[in-house]
Amino acid sequence: MKSPLVAAAAISFLALTTACSNTEGAAATASGNASASGQSSQSGQELAQAVKPDSKVQALLPAAIKSKGSLTLVTDPTYAPIDFTDDQGKIVGLEPDMALAVAKKMGITINIEKADFNGILAGIEARRYDASWAAFSITEERKDKVNMVSYMRGGTSVMVKKGNPLGIKSELDLCGKTVAAQTGTTQALSLLPSFDKKCADAGKDKPVSLLLPQQDNVNQALASGRAQALVADNALTGYYAQLQPDAFTSVDSILVEPSLSGVVSPKDDGGLSKAFQAAVQSLMDDGTYAKIMEAWNLKSGIVTKSEINPPAGS
């Protein structure tokens, strides 16, 4: 995630539904609690606060972190629902909840600072921060500079009208349908053309692409019936299906061009990445990880194994 195109889409999409600032208004109505969808009665924050220390994770903590008793983290809180600010200015979202749950496994506290996304890796390399949860996609270039511990899979997903009345469950179900996307996004530039080929190869009608200049236009096209589906980043489709459950449904069974996201630490982190990997895996094994992902309506991004510096695109 966090390509300029995706970030721009996020801001536009938020502008539609909140009619105020790009993150603060959204936060007031979505706090990582998917009880409306029947998935959990607890918020992601509540689930994280309930996590108990894991002695095997604690044994892996570098001595300096253990002595300090806390982690200094950094993020760019402009990407709902992963990292954003609520109406009190507090940094909230999936990653703050996941970072807290990991720290609980370590038996330490966290302090999250704000920074521009483009400067975060330089700050990690300069050791101004211990680590970063900022929805970093794992790439070979980044792994040359920092350690990356995988915890989530992202990609493009599909959003349809509430209840999915057309029964869209796979990419081929989009054949012959009108599918909207924002002009200039990766979905418009490469994904929809790839759908054309897949449908043609399957002997089906190609989707009718509806490209619109603003993401709010895309959303309106779906709401009005001008389009029968839209394609966007899966974090966005999941978030807005949660934010407007009476209008939209995210199709969790479709995740196109997936990539892993990970927490970042310095290359010479004294073993901190091993502690991160063990903590994330412990959360996966005890079920807390999946509950937090579900609380943010991000089931499509769930993985079952955390790795240190896995191959990009895996």
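Predicted model: local features only at pLDDT ≥ 70, side-chain atom pairs only at ≥ 80, totals over all residues.
Colleague: Which strands stand at the edges of the open sheet of eight strands?

Modeller: The pairing in this open sheet is mixed, and the eight strands follow the order β4-β1-β5-β10-β6-β9-β7-β8. A strand at the edge has a single partner strand, so one side of it is left without a neighbour in the sheet, and this applies to β4 (109-114) and β8 (208-212).

Colleague: Which residue in β8 stands opposite V179?

Modeller: Strands of a sheet pair through backbone hydrogen bonds, either parallel or antiparallel. Here strand β7, made of residues 178-182, runs parallel to β8 and is joined to β8 by five bridges. Within this pair of strands, the residue opposite V179 is S209.

Colleague: At about what angle does helix α11 run to β6?

Modeller: Two helices that lie across strands of the sheet can be described in turn. Helix α7 (residues 117-125) lies across β1, β5, β6 and β10, and runs at about 135 degrees to β5. Helix α11 (residues 234-243), for its part, lies across β6, β9 and β10, and the angle of α11 to β6 is about 55 degrees.

Colleague: How wide an arc do the buried residues of helix α10 cover around the axis?

Modeller: In helix α10, which spans residues 215-224, the buried residues are Q215, V218, N219, A221 and L222.

Methods. Residues numbered from 1 in each chain as written. Heavy atoms only, no water. Pairing = 2+ DSSP bridges. Helix = DSSP H or I, 4+ residues; strand = E, 2+ residues; numbered from the N terminus. Contact = heavy atoms within 4.5 Å. Axes fitted to C-alpha atoms, helices over the stretch in contact; angles between N-to-C directions. Buried < 20%, exposed > 50% of the residue type's maximum accessible area, 1.4 Å probe, protein only.
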